[in-house]
Amino acid sequence: MARKQMSEELSPARWAFNITHILNTVLGPEHFPINVQEVAKELSLQMYRDDPITEIQGKNIPGFEGALFKDPSGQKGWAIFFNNSFQSKGRINFTLAHEFGHYLIHRVRYPNGIQCSESDLVRWDSELGQIEHQANVFAANLLMPLDDYRRQIPDNIKITMEMMDVVTQRYAVSLLAALIRWIDYTSKRAIVVVSRSGFILWAKPSKSAFSSGIFYRTASSPPIEVPANSIAARPADFDIEKAKKGMKHGPGVWFKEPSEEITVFADQYDLTISIIQFAL
Ligand SMILES: [Zn+2]
């Protein structure tokens, strides 16, 4: 890869695509899950010998998910920290990829580094700042390249939790990260709804769902409650396994038409995550 192609002007998706191309060439197409620590250190050193990522480690940084800092030892280069109170490999992986994205795309504009709060990585709606969004797009594209994901789950099929378990393991990502990636490309009508304590925090429809009127305006007030008859609204009525298996609803539970809901309670971010799928 010519260095000039790796300019700071690349879009987050293009950055990730170029790195995927390198990994495919060097490691072969079955290079998942991606070892972000190794890739970030190795590639940053190859591309920017005078300004590489020199250190990646877990730190006690309450309130923050991760951070990109100038190397604290005063040497050249950068350090990536992640919050070491979190145990989930998927969560840490995404954070590392997010910070690697900041390094590639934003370090020149933010010479003192960037600190990322938990909500920067969980919120995917329009309220999120642009650089945080860019880092998330980079991370999602790096960890879950679209062509590979499509081979795991084709565009036009209904998903199950079993399928999502396969991809979250393949890519070592959280369920939420995998679902957001899927909802972006699926041709099925579906919406991912993220709620907490019975209120919708945000929701992301697929393109075909959106154009048929399936969406929530979560930026507006008052907050929107999850539908009363949904699984998401009734954690006491569903054990975790039953909720994951999901159920069919008649019209009027989720929007005005019949739907199928799968819900996962208490994901790693203390969120309730629902996947609502509609007939074509
Ligand atoms: Zn960030």
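Reader: How do the axes of helix α1 and α5 run, roughly parallel or roughly antiparallel?

Author: This is a predicted model, where local features need pLDDT of at least 70, side-chain atom pairs count only at pLDDT 80 or more, and totals for chains, interfaces and linings use all residues. Residues are numbered from 1 along each chain as its sequence is written, and side-chain values use heavy atoms, without hydrogens and water. The axes (lines fitted to C-alpha atoms over the stretch in contact, with angles from 0 to 180 degrees between N-to-C directions) of α1 (residues 12-27) and α5 come within 8 Å and cross at roughly 25°. Angles under 35 degrees count as roughly parallel, so α1 and α5 are roughly parallel.

Reader: Which residues of α5 make that contact with α1?

Author: Contact means heavy atoms within 4.5 Å. From α1 come P12, A13, W15, A16, I19 and T20. Their partners in α5 are Q134, V137, F138, N141 and L142.

Reader: Now the metal: what is the geometry of the zinc ion site?

Author: Donors are N, O and S atoms within 2.8 Å of the metal (3.2 Å for Na, K and Ca). Here they come from H98 (NE2), H102 (NE2), C116 (SG) and E132 (OE), at 1.9 to 2.2 Å. Four donors count as tetrahedral if all angles lie between 85 and 135 degrees. With angles of 91 to 131°, the zinc site is tetrahedral.

Reader: Which helix holds both H98 and H102?

Author: Both histidines are buried (under 20% relative accessible area, 1.4 Å probe, protein chains only). H98 and H102 sit four residues apart, about one turn of the helix, and that helix is α3 (residues 89-106).

Terms used: Tetrahedral: all angles 85-135°; square planar, octahedral: opposite > 155°, others 65-115°. Helix = DSSP H or I, 4+ residues; strand = E, 2+ residues; numbered from the N terminus. Buried < 20%, exposed > 50% of the residue type's maximum accessible area, 1.4 Å probe, protein only. Parallel < 35°, antiparallel > 145°, perpendicular 65-115°, else oblique.
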